[in-house]
Amino acid sequence: MEDKALISVIMPAYNAESYIMDAINSVIYQTYNNWELIIINDGSNDKTEEIVKEASLKDKRIKYIYQKNGRQGKARNFGISKSNGIYLAFLDADDIWLPEKLDVQILEIQKRSADLVFADSYFFNDNEVFDISKKMNIPTSVFYDKTSLKLFLKENRIPILTVLVKKEKVINVGGFSEILDIQNVEDYHLWLKLLMSNCVFYSSDHILAKYRVHESSATSADKLALNKIPNAFFDLLQLFPNYKKDIEEELKLRFKLIYKRNLFTKSEMAIWIKRNTKYLSKSKISFIYLFLNLMLPTKITKRSLIYLLNV
């Protein structure tokens, strides 16, 4: 058994001086020691570079690379391109792994013949305070078929900080999307690409990480992520036309949710009408909804989009 296979840990970092040393230490303190940590400085203008370079001098397994700010997808792909491992793991610069994370998952991914494994995680706040009752509640399960895909199309079920995945599988589907309109959901987009390419996922209820919740974390950008999911689904439509029916069903539900949860000006609504009709291959009738938006209150336009266009 290749229980000492090299694992490449990919860590994008942007203005992460407040937290990054905690993240680095959580990799250093892993009970599994055959890893390389590749940290991609995504154009930071704080002390991130100084902190990482100092850490790399103390531990040669830590590698530092720099890129102009290009967001998460580009940073992770850059790190993957420089990696040497058979497996990839991902850790953001403000999150933390528990010491047994890699040890547990290297055995799982081999024993279960899975392409990707993921696990449960605690939530904690800026003050390092965490409540053991506050976890993501990931169940133990296997995902591999069309039923699994439908579950994943409904929501992102994978905390990226708990993933261990075969690198060749990620490369085969083109890695993370670098499209700007997909950033913040680029990880979700990747999991769906892998499932649509017949990869097998195994999830465990082991708690192996701690996800930091703070003002600038992804959790505070949930609304932004919700609004970007249609962009990710539309891209998947182009890549996987065989799944058109399943993707379009979820696209309609996502648009409905966006209209219900957001307040729009008429100009903002016009942008969403064009996007909605384009993504459902109904651009020819966009003029109807654009006319409604021009002539009637936005509330009425939203209802027509919810109950007519996305029925």
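Visitor: What joins the side chains of Asn-227 and Asn-262, and what makes it count as such?
Guide: This is a predicted model, and in it the side chains of Asn-227 and Asn-262 are joined by a polar contact of 3.4 Å.

Visitor: Why is Asn-227 called buried?
Guide: Asn-227 has a relative accessible area of 17%, and buried means under 20%, so the label applies. Asn-227 belongs to helix α8, residues 222–239, and, leaving aside residues up to four places away in sequence, it touches Ile-258, Asn-262, Trp-272 and Arg-275.

Visitor: Ile-258 is in that list; which residues of α9 are buried?
Guide: Ile-258 is one of them, and the others are Asp-246, Ile-247, Glu-248, Glu-250, Leu-251, Arg-254, Phe-255 and Tyr-259.

Visitor: How do you know that the span of helix α9 agrees with what it should be?
Guide: Helix α9 covers residues 244–261, and its 18 residues, at 1.5 Å a residue, should span 26 Å. Its end C-alpha atoms lie 26 Å apart, and therefore the two values agree.

Visitor: What makes strand β4 a partner of both β1 and β9?
Guide: Pairing requires at least two bridges between the strands. Strand β1 (residues 7–13) is joined to β4 by 4 bridges, and these two run parallel, with Ile-10 opposite Phe-90. Strand β9 (residues 164–166) is joined to β4 by 3 bridges, and here the strands run antiparallel, with Tyr-87 opposite Lys-166. Both counts meet the requirement, so both pairings stand.

Visitor: Which way do the residues of β4 point?
Guide: Tyr-87 and Ala-89 point one way, whereas Leu-88 and Phe-90 point the other way, and all are buried. In a regular strand, side chains alternate between the two faces of the sheet.

Visitor: Why does Ser-113 count as exposed?
Guide: Exposed means over 50% relative accessible area, and Ser-113 has 57%, so it qualifies. Ser-113 is placed in the loop between α4 (101–111) and β6 (116–125), and its phi is near 50 degrees, a positive value in a residue other than glycine. Most residues other than glycine have a negative phi.

Visitor: And why is Asn-198 called exposed?
Guide: With a relative accessible area of 60%, Asn-198 passes the cut-off of over 50%, and therefore it is exposed. Asn-198 lies in the loop between α7 (186–196) and β10 (201–213), and its phi, near 70 degrees, is positive although the residue is not glycine.

Definitions and conventions:
Residues are numbered from 1 along each chain as its sequence is written. This is a predicted model: local features need pLDDT of at least 70, side-chain atom pairs count only at pLDDT 80 or more; totals for chains, interfaces and linings use all residues. Side-chain values use heavy atoms; hydrogens and water are left out. Buried means under 20% relative accessible area, exposed over 50%, partly exposed in between (1.4 Å probe, protein chains only). A polar contact is a pair of N or O atoms within 3.5 Å; within protein, one must be able to donate a hydrogen and the other to accept it, and residues adjacent in sequence count only if both atoms are side-chain atoms. Contact means heavy atoms within 4.5 Å. The expected span of a helix is 1.5 Å times one less than its number of residues.
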